[in-house]
Amino acid sequence: MYDEKTVYVVGEAKSPENNPIMKQYDTFFVGFVIDRTDGTIVDADCTSVLGLTKKFVQSLFTGHNIWDSDAVTNRVMNRYLGSSQKAIIVAFRHAQIKYEQALESE
């Protein structure tokens with residue numbers, strides 16, 4: 001399904017306690033399939049209660065670069081107006097750190 005040049009990285013964060021995601025999963029996760037040759041996010045998915053949320057979060061990340069923190073943060077802040085907004089940003093940054101550590105260990 002995914003090219004050999006891709007890797008899978010998961011970022012995690014806490015959502016607000018009143019968020020249905022926290023009630024169901026306890027932690028918010030965003031998974032990223034990243035092209036190792038240029039850092040492009042090929043696919044993304046997240047823990048969510050609604051399928052539409054998964055598709056929308058996917059659209060925020062897919063096709064963009066894992067290192068483009070400002071653009072991704074702005075896109076999430078301007079377009080995702082749900083209670084998990086900050087959790088999405090924190091999970092993205094956590095995934096960046098994990099990805100960077102993996103690259104350094106190669």
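**Helix and sheet packing**

Mentor: In this predicted model, Ser-69, Val-72, Thr-73, Val-76 and Met-77 of α3 are in contact with Gln-85, Ile-88, Ile-89, Phe-92, Arg-93 and Gln-96 of α4.

Trainee: How many of the residues in that contact are nonpolar, polar and charged?

Mentor: The contact of α3 with α4 comprises 6 nonpolar, 4 polar and 1 charged residues.

Trainee: At what angle do α3 and α4 pack?

Mentor: Helix α3 (residues 69-79) and helix α4 (residues 85-104) pack at about 160 degrees, and their axes lie 9 Å apart. Angles over 145 degrees count as roughly antiparallel, and α3 and α4 are therefore roughly antiparallel to each other.

Trainee: And the crossing: left-handed or right-handed?

Mentor: The crossing of α3 past α4 is right-handed.

Trainee: Turning to the sheet, what is the strand order?

Mentor: The order is β1-β2-β3, in an open sheet of 3 strands with antiparallel pairing. β1 (6-13) and β3 (41-46) are at the edges with a single partner strand each, so one side of each has no neighbour in the sheet. From one strand to the next, the twist averages 20 degrees.

Trainee: How many bridges join β2 to β3?

Mentor: Strand β2 (residues 28-35) is joined to β3 by 5 bridges, and the two run antiparallel. Phe-32, for instance, has Ala-44 in β3 as its bridge partner.

Trainee: Which strands does α2 touch?

Mentor: Helix α2 (residues 51-61) packs on the sheet and touches β2 and β3, with its direction at about 150 degrees to that of β3.

Trainee: What about α4, which strands does it touch?

Mentor: α4 also packs on the sheet, touching β1, β2 and β3. The direction of α4 makes about 135 degrees with that of β1.

Technical notes: Residues numbered from 1 in each chain as written. Predicted model: local features only at pLDDT ≥ 70, side-chain atom pairs only at ≥ 80, totals over all residues. Heavy atoms only, no water. Axes fitted to C-alpha atoms, helices over the stretch in contact; angles between N-to-C directions. Helix = DSSP H or I, 4+ residues; strand = E, 2+ residues; numbered from the N terminus. Parallel < 35°, antiparallel > 145°, perpendicular 65-115°, else oblique. Left-handed = near helix turned anticlockwise from the far one by under 90°. Contact = heavy atoms within 4.5 Å. Nonpolar A, V, L, I, M, F, W, Y, C, P; charged D, E, K, R; others polar. Pairing = 2+ DSSP bridges.
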